[in-house]
Amino acid sequence: MITFDFKKYHYNEIEDTDLSDIKERFLKDKKMSGWYELDQSCVEAISSAASYIRNNCDVFLVIGIGGSYMGAKAVIDALSPYYGEKKLEILFAGYQLSSDYMADLIDYLQDKEVMVNVISKSGTTLEPAIAFDLILEFMEQKYGEDESSKRIFVTTDEKSGELLPLANQKGFQRFVVPDNIGGRFSVLTPVGLLPIAVADLSIKSLFAGALQAKENLEECYYYTMLRHELYNRNKVIESFDIYEPKLASFVEWLKQLFGESQGKEGKGIFPVSTINTRDLHSLGQYYQDGIDMIFSTTFFVHSDEDIYLEKYGKTLDTVNKLAMESVAQAHFEGHIPTSIITLDTISEENLGYLIFFFEMSAMLGSYLLKINYYDQPGVNGYKDILHRRIKEDE
């Protein structure tokens, strides 16, 4: 169960939160609205491939950048224990250009049984393209071409892109990145679902949570309008604050979702994140006494661990909750409005709910800003310069 408190630590309430007219306009634009449909037709094929992968490797390597890996990593990290042996290790590559990272990764994989999932709609994005070239060479040296072809899964465009002919030539198993779904909205497609299923997590429960969110949009409407009203009052930084570090990758995904969807044409709220209470002793100082431009969306997760602190006469979970509430009160007094989203537990269903909730809010908020929510022209800036520089230095 998830509860939302958008009023206690705010100065004003939003009166009209019905954004159904925007939703209807969005649904008429079929170009990039596929994520809203929550298509589950791929679940059986994903589950079958995931079972095969789990039974035949020690390490599952996911190669992708941005939406091609962040959503899956958010769910997997949130539902993984902090410590302890894992039957299957899921690693990620292709999201940076570090020589040391790739060298250490390939060295680490030498004595492991490895399977790979490369994710790229176009196949031309430089970071995953370089990583996959290196990993493909490693896999074919380690296993030979025939065996490696059984160990590599490609998630790409159905009809075009540079990965498609290679996948057909090599006989890699393919999954489709739907045409009408952008990368940061692709968690609940084969892009995110295959790694999540390989982690032995319930993708059916993810969908159940997302469907529940789709049927209950009132809180999403309120949150969207609240963000927009705060933005209009010059609150231009939203801090996603967590009190459970397992959600660290989830708020990284939120930063991408909102940053790429709404940071355009000189508009948009700048998304940041903190892991509390750690960051209260660094960024917390600025939040409380710095420039008045911040508001907070705080996540709190109740713990089932009954750790009793004799010295304080309370459980550790209670102290953590008191810390969260104390910060919200201090921020409120320091002119930082705070919304609180409370999870009774971290589960596939709750994460699925939040994924759809925030995807919907990112879309609705973009319409309010009168911008295109599914493109990212600013990202292409560095890509164009980098490709040009590489060619110039050849």
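Author: A cavity here is a set of grid points where a 1.4 Å probe fits but cannot get out. In this predicted model, the count by that rule comes to 4 cavities of 30 Å³ or more.

The largest cavity holds about 60 Å³ of space, and its lining is made up of Thr-224, Arg-227, His-228, Tyr-231, Gln-262, Ile-269, Gly-365, Leu-368 and Leu-369. Two elements, helix H10 (218-232) and helix H14 (348-369), each give two or more residues to this lining, and H10 gives the most, with 4 residues. Sorted by class, the residues around the largest cavity divide into 4 nonpolar, 4 polar and 1 charged.

The second largest cavity contains about 40 Å³ of space, and the residues that line it are Asp-241, Tyr-243, Ser-296, Thr-298, Met-324, Val-327, Ala-328, His-331 and Thr-338. Here the elements that supply two or more lining residues are strand S9 (294-301) and helix H13 (316-333), of which H13 gives the most, with 4 residues. The lining of the second largest cavity has 4 nonpolar, 4 polar and 1 charged residues.

Methods
Residues are numbered from 1 along each chain as its sequence is written. This is a predicted model: local features need pLDDT of at least 70, side-chain atom pairs count only at pLDDT 80 or more; totals for chains, interfaces and linings use all residues. Side-chain values use heavy atoms; hydrogens and water are left out. On a 1 Å grid over the protein atoms alone, a cavity is a set of points where a 1.4 Å probe fits but cannot get out, and a pocket is an open set with protein on both sides within 12 Å along at least five of seven lines; lining residues have an atom within 4 Å of a point. Grid points are joined across faces, edges and corners, and a volume is the space filled by probe spheres set on the points. Ala, Val, Leu, Ile, Met, Phe, Trp, Tyr, Cys and Pro count as nonpolar, Asp, Glu, Lys and Arg as charged, and the others, Gly among them, as polar.
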